[in-house]
Amino acid sequence: MTAIGNFKPAGLAALAAIGALTLAACSQTPSGQAEPNPSTSVTATQSTLTASPSPSPSPNTSATVGAVVEGFPQQLLPLMPGATVVSSSFDKAKAPATAAMVGSVKAPTASVLDFYSKTLEGQGFKAVPGDKVGAVASKDFVRGDNETVNLSVVEAAGVSTFTIGANVAVESAK
């Protein structure tokens, strides 16, 4: 096996994953400087990498796998007909409130984009120009000065997997 510097390929993968988790565990201050997020801890060895939530999550934050989490703003981000929820999360602990859902549906990417575009535009969101990030279908929406939604879709073998996430005023998260 070829080593790069003093790192073997497996070590480089672990190092890259540590970097990604470290970035995910940071939030930005108003000055733009990263500051640690106390709700996430990262531990790593050469063969394992673990991210674990803090022992006392906020009662206003929830996430689940395979279902729509309790309190999720289903009027804002409804599940597309025929779709299955892979995971969902909702955090109304701070402003803006954040909601996210990953789902899959046997439908083409265009159908997913059309359903959510119509749903969001019906709620006063405006589509931002642009339909892709690299090869991934991605659409952004804005409402007012500070409410945003992003939808991204990847299609394989006739199944579209989509991620939709919103940052909205707490009162909009219904």
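Ring pairs link F115, Y116 and F162 into a cluster. The model described here is predicted: local features need pLDDT of at least 70, side-chain atom pairs count only at pLDDT 80 or more, and totals for chains, interfaces and linings use all residues. Residues are numbered from 1 along each chain as its sequence is written, and side-chain values use heavy atoms, with hydrogens and water left out.

The protein has two helices and twelve strands, where helices (H or I, at least four residues) and strands (E, at least two) are DSSP runs numbered from the N terminus. Read from the N terminus on, the order of elements is α-β-β-β-β-β-β-β-α-β-β-β-β-β. The protein has 174 residues, and 25% of them count as buried; buried means under 20% relative accessible area, exposed means over 50%, and partly exposed lies in between (1.4 Å probe, protein chains only). The accessible surface comes to about 10,600 Å², and carbon and sulfur atoms hold 59% of that area. Such areas come from the Shrake-Rupley method with a 1.4 Å probe; for residues, only the protein chains shown count as cover. Among contacts (heavy atoms within 4.5 Å) in the protein with a separation of 6 or more, 45% are between residues 24 or more positions apart.

Now back to the rings. The structure holds two aromatic pairs. Rings of Phe, Tyr and Trp (its six-membered ring) pair if their centres lie within 6.5 Å; planes under 30 degrees apart count as stacked, over 60 as edge-to-face and the rest as tilted. F115 has 22% relative accessibility, so this residue counts as partly exposed, whereas Y116 is buried because its relative accessible area is 1%.

Y116 also pairs with F162, here in a tilted arrangement with 5.5 Å centre to centre and 45° between the planes. Y116 lies in helix 2 and F162 in strand 12 (residues 159-168), so this pair ties together parts that are 46 residues apart in sequence. F162 counts as buried because its relative accessibility is 0%.

One further residue of helix 2 deserves a look. T119 has its place in this helix, which covers residues 109-121. With 18% relative accessibility, T119 counts as buried. Leaving aside residues up to four places away in sequence, T119 touches L76 and P78.
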